Amino acid sequence: MIRHTVVFTLKHPPHSLEAKRFLHDAKKILTGIKGVTHFEQLRQVSPKNDYQFGFSMEFADQAAYTRYNEHPDHVAFVRDRRLPEVEKFLEIDYVPLGLAEIGSSAGV
């Protein structure tokens, strides 16, 4: 399983019609791509960072994530919406950490 998270700040004000359209369209487009599961849209509430929003989703494996990343709808969304409308972003991809990995990384 791969958990893909993107945090970002839009060029639009957070409660504007343009921001609402971006979030609505993102959900419609990205959840329409086969392999995307557990999709969530998130709003930042902590004063510790200045990203406004986040998307989180899961993929069964690396192959599913690669298919999503290369899917024409995802490529078009990045080109036509993310690049012109997002001021800054950060992508984080996680896989579950097994107990064996935890023990070896802690020097146990």
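**View 1. Glu85 is a buried residue of a predicted model.** Glu85 has a relative accessibility of 13%, so Glu85 counts as buried. The cut-off for buried is under 20%. Glu85 belongs to helix H3, which spans residues 72-85. The side chain of Glu85 makes a polar contact of 2.7 Å with the side chain of His12. Leaving aside neighbours within four places in sequence, Glu85 also contacts other residues, including Leu10, Lys11, Glu18, Phe22 and Asp80.

**View 2. Helix H2 has buried residues along one face.** H2 covers residues 62-70, and Ala64, Tyr65 and Tyr68 are buried there. Seen down the helix axis, the buried residues of H2 fall within an arc of 100 degrees, so they line one face. Arg67 and Glu70 sit on the other side of H2 and are exposed. The cover over the buried residues includes strands E1 (2-10), E3 (53-59) and E4 (86-94). Helices H1 (17-31) and H3 (72-85) are also part of that cover. Asp61 caps the N-terminal end of H2. A side-chain oxygen of Asp61 lies 3.3 Å from the backbone nitrogen of Ala63.

**View 3. The largest nonpolar core has 21 residues.** Those with the most contacts inside this core are Phe8, Phe22, Leu30, Phe55, Met57 and Tyr68. E1, H1, E3 and H2 each give two or more residues to the core. H1 supplies the largest share, 5 residues. Not counting residues up to four places away in sequence, Phe8 touches several residues, among them Phe22, Leu23, Phe55 and Val86. In soluble globular proteins, nonpolar side chains tend to be buried together.

**View 4. Phe39 and Phe55 form a tilted ring pair.** The whole structure holds 8 aromatic pairs. In the pair of Phe39 and Phe55, the ring centres are 5.5 Å apart and the planes meet at 45 degrees, so the pair is tilted. Phe39 lies in strand E2 (residues 37-43) and Phe55 in strand E3, so the pair ties together parts 16 residues apart in sequence. Phe39 counts as buried at 16% relative accessibility. Phe55 is buried too, with a relative accessible area of 5%. One aromatic cluster is formed by Phe8, Phe22, Phe39, Phe53, Phe55 and Phe77.

**View 5. Arg82 and Lys88 lie over aromatic rings.** Arg82 lies over the face of Phe89, 3.9 Å from the ring centre. Lys88 lies over the face of Tyr51, at 4.9 Å from the ring centre. Lys88 and Tyr51 are also both among the residues that Phe8 touches.

Conventions: Residues numbered from 1 in each chain as written. Predicted model: local features only at pLDDT ≥ 70, side-chain atom pairs only at ≥ 80, totals over all residues. Heavy atoms only, no water. Buried < 20%, exposed > 50% of the residue type's maximum accessible area, 1.4 Å probe, protein only. Helix = DSSP H or I, 4+ residues; strand = E, 2+ residues; numbered from the N terminus. Arc of directions from axis to C-beta. Contact = heavy atoms within 4.5 Å. Polar contact = N/O pair within 3.5 Å; in protein donor to acceptor, adjacent residues only side chain to side chain. Core = buried A, V, L, I, M, F, W, Y, C linked by side-chain atoms within 4.5 Å. Phe/Tyr/Trp six-rings, centres within 6.5 Å; stacked < 30°, edge-to-face > 60°. Lys NZ or Arg CZ within 6 Å of the ring centre and 35° of its normal.
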